[in-house]
Amino acid sequence: MTSVLISETNTNHPPESYALATAGQLVPSDGYNPQGISPLRIRELQVKVALILTPYFASIIGRQRQSLEADPHDLRLASNVVEMADTAAGKLQTLSRNSFWHAVTMSDEWLNTAIGIIGTHLMTAVHVENLVHADNHPDVPEAKAYKTKYQGS
Amino acid sequence: MGSITTAMTTSSKAEYMAAAHCINATVTATASSSTSTSYTAASSLAGIAIGMTFSGTNVGSGSVVAAITSASAFTSSVASTGSISGGTLTFVADPLFVALIIPSPAGTYGAASVNFTDITGNTDEVSGTGYTTGGLLLTNVSPVTSGTTGYVNFSPNPSWTSATFSTAGCMIYNTVARNGGTSGTNTVGGGRALGVYSFSGTQTVSAGVLTLIMPSATSSTAVLRIS
């Protein structure tokens, strides 16, 4: 596993944590680096990427939380993850202009991979929100079923 | 003392060739049947493989795809219990689980691991609040290729809530018994190990949430890949 996120209270991970984990996969520090970019510059880029991604995680967690508050029985996805991931990846392409990262991000392959990575983490943020909701609403059958499906109890 | 080394298990590579694992995503399709094992007029059979379980209104309990007879027809292991006319069917591949390993395990886990029982036999599985024995069900995503590599990840990432325990690694394993066993402790029955992953240190959660961030889904980093 690349990393483990831990929250010290039984609440969802903060948006910044998801964003940093995602940035670490989009700009891997131990990955293909033909230009010999320094670790410091890679780290700086990861932070910039995380700053761009953080609002998307905040948004999707916030929307899911609002949706669950409005209807505790409905644990369906309250946002369009693919659309959000696509928009975020486009923002990252814009960020990369005039940087060493530009040559990488302009390929269709990178775009598709980036959308997949961002999408998986956005889905995870929603999934954790649903699990926490289930913990807080053990009397809601749909929430209990969701927790049982994914956690076994 | 044992250890945890990140690796796909060697035994699983032979097992893929022996059709011992099915890691397709869940697929929905429509089809028709009339109180028989024959299903016709399927909207699509893409992503559906022999051995996948399926369910739907009037689908017999425990139905498994037994044969794919055309691009739009298949037979089931169990007859439908009533008329199905363009009914929605949900096809599910093997349920894969991720189980957590304790810090400083007694056993050695890595490429040579073959079965989930390797962990339980050494009493190396995590126990604690919020952790259910056997671990968590993963959500399968369809395998894809890039270049000369086939790979798959799972989405969303697995997460334990209201959790209190420590862990240093995990094993992904298949709960379904698709063949009679191939090697080592990997005999008849489910539990065959697909991969072992180290967390590079002890991870401790106390009345909180622990989420595993799987490697990105690329041909060089995905959690399961064959090149």
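These questions and answers go through a predicted model with a chain A and a chain B.

Q: How do you know which features of this predicted model to read, and how is everything numbered?
A: Because the model is predicted, local features need pLDDT of at least 70 and side-chain atom pairs count only at pLDDT 80 or more, while totals for chains, interfaces and linings use all residues. Residues are numbered from 1 along each chain as its sequence is written, and chains are lettered from A and ligands numbered from 1 in the order in which they are written.

Q: What makes up the secondary structure of chain A?
A: Helices (H or I, at least four residues) and strands (E, at least two) are DSSP runs, numbered from the N terminus. By that rule chain A has six helices and one strand, in the order β-α-α-α-α-α-α along the sequence. Its C-alpha trace spans about 55 × 30 × 20 Å along the principal axes.

Q: Why is A:Leu5 called buried?
A: A residue is buried if 20 or more other C-beta atoms lie within 10 Å of its own, exposed if 12 or fewer, and partly exposed in between, with C-beta atoms placed from the backbone. A:Leu5 has 24 C-beta neighbours inside 10 Å, so it counts as buried. You will find A:Leu5 in strand β1 (residues 3–7) of chain A.

Q: What is A:Leu5 in contact with, leaving aside its neighbours within four places in sequence?
A: Two residues are in contact if their C-beta atoms, placed from the backbone, lie within 7 Å. On that basis A:Leu5 touches A:His13, A:Ser17 and A:Ala21, and also B:Thr211 and B:Ile213.

Q: How do you know that the length of helix α5 of chain A agrees with what it should span?
A: The expected span is 1.5 Å times one less than the number of residues. For the 29 residues of α5(A), residues 108–136, that should come to 42 Å, and the end C-alpha atoms are 42 Å apart, so the two agree. This helix is also mostly covered, with 21 of its 29 residues buried.

Q: What makes one face of helix α3 of chain A the buried one?
A: The buried residues of α3(A) are A:Val81, A:Ala85, A:Ala88, A:Ala89, A:Leu92 and A:Ser96. Seen down the helix axis they fall within an arc of 100°, so they line one face; the arc is that of the directions from the helix axis to the C-beta atoms. An α-helix has 3.6 residues a turn, so residues three or four places apart point the same way. A:Glu83 and A:Thr94, on the other side of α3(A), are exposed. The buried residues of α3(A) pack against α1 (15–26), α2 (39–70), α4 (102–105) and α5 of chain A.

Q: How do you know that the radius of gyration of chain B agrees with a compact globule?
A: The radius is taken over C-alpha atoms, and the globule rule is 2.2 Å times the number of residues to the power 0.38. For 227 residues the rule gives a value near 17 Å; chain B has 19 Å, which agrees. Chain B holds two helices and 16 strands, and 44% of its residues count as buried.

Q: What are the domains of chain B?
A: Domain bounds come from an automatic or database domain assignment. Domain 1 takes 3–19 + 94–226 and domain 2 takes 27–92. Their centres, over C-alpha atoms, are 30 Å apart.

Q: What makes up the contact between chain A and chain B?
A: Chain B gives 29 residues and chain A gives 30 residues. On the side of chain B, β15(B) gives the most, with twelve residues. That side divides into 16 nonpolar, 13 polar and no charged residues. Here Ala, Val, Leu, Ile, Met, Phe, Trp, Tyr, Cys and Pro count as nonpolar, Asp, Glu, Lys and Arg as charged, and the others, Gly among them, as polar.

Q: Why is B:Ala207 called partly exposed?
A: B:Ala207 has 14 other C-beta atoms within 10 Å, so it is partly exposed. This residue lies in strand β15 of chain B and has a positive phi of about 50° although it is not a glycine. Most residues other than glycine have a negative phi, and most peptide bonds are trans.

Q: What joins B:Ser155 and B:Pro156?
A: A cis peptide bond joins them, with omega about 5°. B:Pro156 lies in the loop between β13 (149–152) and β14 of chain B.
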